[in-house]
Amino acid sequence: MELLSVHNLNKKYEKFALKNVSFSLEKGYIMGFVGRNGAGKTTTLKTMLNLVHADGGTVSFLGKDYFSDELACKQKIGLMFGDIFYYPKQRLRTITNVVKRFYNEWDDAAYEGYLARFDLDPEKKVEKLSTGMKVKYSLALALSHHAQLLILDEPTSGLDPVSRDDMLELFQELIEGGETSILFSTQITSDLEKCADFITYIKDGAIIASTEKDEFLDSYKILKGSGERLTNDLRHKLIGCKENSLGFSGLVKTTDLRGSTGLEVSAADIESIMIYYEKGRAE
Amino acid sequence: MKDLLYKEFRLCWHPNMFLFLLFGTFLLFPGWPFIITFFIPVNSLFFVDRANRDVFFAALLPVRKKDVVLAKVCLVAIIELLQIIVAVPFAIINNAVYLKGNMVGMNTNFAFFGLVLMMYAIFNLIFLPGFYKTAYKVGMPIILAICAAAVYVTAVDVAVVSVPVLRVKLDGLGASHMAGQLPVLLAGVVLFALLTLLAYRISARRFERLDL
């Protein structure tokens, strides 16, 4: 069942614009939202949530129009924005006592459970927590009001590899019941390979692809060959290309693969897809 | 709304506030323009809020944006009124101890507190909508609001002390002057309420339109 659907979201700034951003996410899945710095990941998330006013487009959540039913939708969404942490001088207990009042379905038992599980001391001040602990605290808050959708902006940035791995395992556990979905943005492509079911890739404010991870990976191939094999026709098909004295390597859509006999074809990973896309064609 | 006010007091009210409220005790010192005491403002509240990312925190909660602004405006008004309440007993003591009254500025009588309320009204009307234009820049709106309040305070203080009619009516101490001074206090209360409400309306409209 469809949980979230974003359709033709537009937002124009002086030097940047979101262009017809569309994607959707079903219940019980993890979607990775990837793109380089400044590609529009955070702006998309903020615009979806009406923190930034969209110039056009619709967002529906659990079948409701988000923009006209914002407060009800927010009851069911858990939010975390990157490295923004609030009230560094306050104790976790104090902040929780405030936050819980705003949610109809706040569950004290669940909250206590997450505190124990994440090894969080409610008497500690926010400023005394490590980045990983802060992220976990934000998650504990989001999960304790039984959010059906977690929207996490770069939850893994600033975490060491071990904490990151823990976090990704946790994400997978959270969706196991089939009720909760996670939309998280990241620049760390290995995170996506480990735990995302769907990938949405944004570049310069426009969505390049939004699809199942395997389908996404299958739809691109890396081609390698000597310099003289790089014909104009082939060059035109390449999404991105690197050349050196030994030859070239480039990214091509699997559907454009015909006619490239004699070239070395290999599978593409998310990182190389992103890099070739961002580099573009060498002229 | 009740929950947002709870949030304001639990997360935004900081211990320094008690210190600022105690500036009311300065009314004990004789012979200086008392009205300056009330300049110790709610400014620090907004600087600390900014460091705490308070606006963004509130924006993520399932609440209406205009209620976020209303809760903040209520906290500001409460701090301002508390400052006056704390100052009143010290004004009474001052008047009882220094029988000659204040030689430099206005005496602390009913009219004085009415004029202080009007000063707050001006401050709120300039500062709050100025802040909610960006919900981030605190400095410039504060400077503008303090300048406006300072011009008002200076004008009022000078006028009351130097214009004979005003001096007789508004600077006098004791119950015999009450009839002339109570309307000024009442006008202060009304203006404070109206202009702060107007400040809230403009601020809420601006905050609603803002991209965070």
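**A tour of the cavities and the A–B interface**

The predicted model holds five cavities of 30 Å³ or more, a cavity being a set of points on a 1 Å grid over the protein atoms alone where a 1.4 Å probe fits but cannot get out. Residues are numbered from 1 along each chain as its sequence is written, and chains are lettered from A in the order in which they are written. In this predicted model, local features need pLDDT of at least 70, side-chain atom pairs count only at pLDDT 80 or more, and totals for chains, interfaces and linings use all residues, while side-chain values use heavy atoms, without hydrogens and water.

Select L79(A), Y86(A), S138(A), L141(A) and F57(B): of the 24 residues lining the largest cavity, these are the closest to its centre. Lining residues have an atom within 4 Å of a point. The volume of the largest cavity is about 350 Å³, taken as the space filled by probe spheres set on the points. Its lining divides into 19 nonpolar, four polar and one charged residue.

Next, display both chains. Here 26 residues of chain A are in contact with 25 residues of chain B (heavy atoms within 4.5 Å). The buried area is about 2500 Å², with 64% given by carbon and sulfur atoms; this is accessible area (1.4 Å probe) lost on putting the two parts together, summed over both. In chain A, select Y87(A), R101(A) and F102(A), which lose the most area to chain B, together 29% of what that side buries.

Finally, zoom in on R101(A) and D3(B), whose side chains form a salt bridge at 3.2 Å, N to O (side-chain nitrogen of Lys or Arg within 4 Å of a carboxyl oxygen of Asp or Glu). Two salt bridges are found across this interface.

How values were computed:
On a 1 Å grid over the protein atoms alone, a cavity is a set of points where a 1.4 Å probe fits but cannot get out, and a pocket is an open set with protein on both sides within 12 Å along at least five of seven lines; lining residues have an atom within 4 Å of a point. Ala, Val, Leu, Ile, Met, Phe, Trp, Tyr, Cys and Pro count as nonpolar, Asp, Glu, Lys and Arg as charged, and the others, Gly among them, as polar.
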